[in-house]
Each structure stands twice: as structure tokens, then as C-alpha cells.
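Colleague: I am new to this one. Please put it on the screen and take my questions in turn.

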Amino acid sequence: MGGDPITHAVQGLISAVTPVSISSLSKDIVVLIKEDHDRVRVLYDQFKMPGTNAQQKRQLAWNIIREVSLHSCKEEEVVYPALRDVLGDLTPDHLLSEHQELKELLSVLDSSDVSDPNFDGRLQDIMEVLLHHMAEEEEELLPRFAAAEGVSSDYLMQLGRLWETTKLHLPSRPHPWAPNKPPLNIIANTTAMPLDFLRDLVRFEGAPPL
């Protein structure tokens, strides 16, 4: 039973998210968001390296799809409601519109294969939107949020803990049709997660990234 890839993957998922690791508990939400952003940047840098072959590109693109899908859902459940409370409605609504564009582009890429001559260009288009989105968050919105009246370091840490504990019910594929605001997005995410997990077991041969 210990060699069963599905059992191994499920055990790995559970150990990764429950309980939350001590190191992640010491990080605030701004740090955790930037860590996710950096992870995607590294994956895309690897994708663009001249020596990266087609099989490696496929795996890296799948990882980017997974990382961005999870990250977007975490922001929509945890961060954007907090931004709405502190900075008003316009800021999260603008970010959600960019998320929707990314989900639509990611959905097309997710159904494509690296043998498609447009594959690299599709990922490049995604990364152009995503890099702009991440820079806007890191350089403008997150500093404004962290410095706003009433936003304490304890609050940022609380959001960081909530960010980590959402992992168990989040989908890992893009779902452009799904609602993106609480509470309906939480229901949709929880519903989509099991199927996405099974699809990723097949895609990543029983060992999806954690």
C-alpha cells in the first residue's frame, strides 16, 4: 500500500497543509504573496532557458498553471476581501478583472500541448499579463495595504495563517466560469478541488507538486 502513488500523493498533500508548518506561521501575508510570485518567475525563467527541451517545457508550464491557479484562488478568498475592507471596492475589482483574463488564457494553455507551435507564445502572453499584475501588487497595492490605518503586523500575520490554511480546498486548474468573490467562490473552489487533484495525479504521474 505504501507504494500506491495515489496514497502517497494524498498523504503528501495532507502533511503539507495540516498542520501548517511553523516556518509559514512566522510569515505575514505580504511575504507569502511575494514568495508565490517568485516561484512562478523562477519556473518561467527555467522555461525560457535555451537548453530546456519539450518535455521539460511541458512540465514547467503545467507547474506554472498549477501555481497561478492556486495563488489566484488564495488571493480571491483571503487577500482581496481584506483589500476591499481597507482600500475600497475599486482596487480588488481591478485585480479580479486581471485574474479573469489570466484564467481564460490559462484555460487555453491547459488544453494545449507543447507540440503546438503556439504553445510558447501563449505562455509568453500569460506571463506578460501576470508579471504586470504581480509588479502592481508588490510595488503599489501591498505597500499601501500594509501601511493603511488599522492594518497591524498581527493582522498581516493572521492573514498569512489564513492564506496557508486555504490550501486544502483550492483547485489547481483554471476555472474561468467560477465565481471569484466570497462566499460563492469558496463553495466553487471546494467543489472543483477533488477533480483537479485527481487530474493532477494523472498529469504528474501520481506526484503533483506540493
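This is a predicted model: local features need pLDDT of at least 70, side-chain atom pairs count only at pLDDT 80 or more; totals for chains, interfaces and linings use all residues.

Modeller: Residues are numbered from 1 along each chain as its sequence is written, and side-chain values use heavy atoms, with hydrogens and water left out.

Colleague: How many helices and how many strands are in the chain?

Modeller: Helices (H or I, at least four residues) and strands (E, at least two) are DSSP runs, numbered from the N terminus. Along the sequence the pattern reads α-α-α-α-α-α-α-α. The count is 8 helices and 0 strands.

Colleague: What percentage of the residues of the chain count as buried?

Modeller: Buried means under 20% relative accessible area, exposed over 50%, and partly exposed in between, with a 1.4 Å probe and protein chains only. The chain has 210 residues. The buried part is 47%.

Colleague: What share of the accessible surface belongs to carbon and sulfur atoms?

Modeller: Accessible areas come from the Shrake-Rupley method with a 1.4 Å probe; for residues, only the protein chains shown count as cover. The surface of the chain comes to about 10500 Å². Carbon and sulfur atoms hold 58%.

Colleague: Which residues does Phe47 contact, leaving aside neighbours within four places in sequence?

Modeller: Contact means heavy atoms within 4.5 Å. Phe47 is one of the residues with the most contacts inside the largest core. Its partners are Thr52, Lys57, Leu60, Ala61, Phe119, Asp120 and Leu123.

Colleague: Is Glu77 buried or exposed?

Modeller: Glu77 sits in helix 4 (residues 54-87). Beyond four places in sequence, Glu77 touches Thr166, His169, Leu170, Pro182, Asn185, Ile186 and Asn189. Its relative accessibility is 10%, so Glu77 counts as buried.

Colleague: And Glu205, buried or exposed?

Modeller: Glu205 is placed in the segment after helix 8. Its phi is positive, about 55 degrees, although Glu205 is not a glycine. The relative accessible area is 73%, so Glu205 is exposed.

Colleague: Which peptide bond is cis?

Modeller: Look at the loop between helix 7 (153-165) and helix 8 (184-203), where Pro183 is placed. The omega of this cis bond is near 0 degrees. The bond runs from Pro182 to Pro183.

Colleague: How far apart in space are Phe197 and His169, C-alpha to C-alpha?

Modeller: Phe197 is found in helix 8. Phe197 counts as buried, because its relative accessibility is 11%. In sequence, Phe197 and His169 are 28 residues apart. In space the value is 10.0 Å.

Colleague: What is the volume of the largest cavity?

Modeller: On a 1 Å grid over the protein atoms alone, a cavity is a set of points where a 1.4 Å probe fits but cannot get out; lining residues have an atom within 4 Å of a point. Grid points are joined across faces, edges and corners, and a volume is the space filled by probe spheres set on the points. The structure holds 2 cavities of 30 Å³ or more. The largest has about 100 Å³.

Colleague: Which element gives the most to the lining of the largest cavity?

Modeller: The lining has 14 residues, and Cys73, Lys103, Arg173, Pro174 and His175 lie nearest the centre. Helix 4 and helix 5 are the elements that give two or more residues. The most, 5 residues, comes from helix 4.

How values were computed
A nonpolar core is a set of buried Ala, Val, Leu, Ile, Met, Phe, Trp, Tyr and Cys residues joined through side-chain atoms within 4.5 Å. On a 1 Å grid over the protein atoms alone, a cavity is a set of points where a 1.4 Å probe fits but cannot get out, and a pocket is an open set with protein on both sides within 12 Å along at least five of seven lines; lining residues have an atom within 4 Å of a point.
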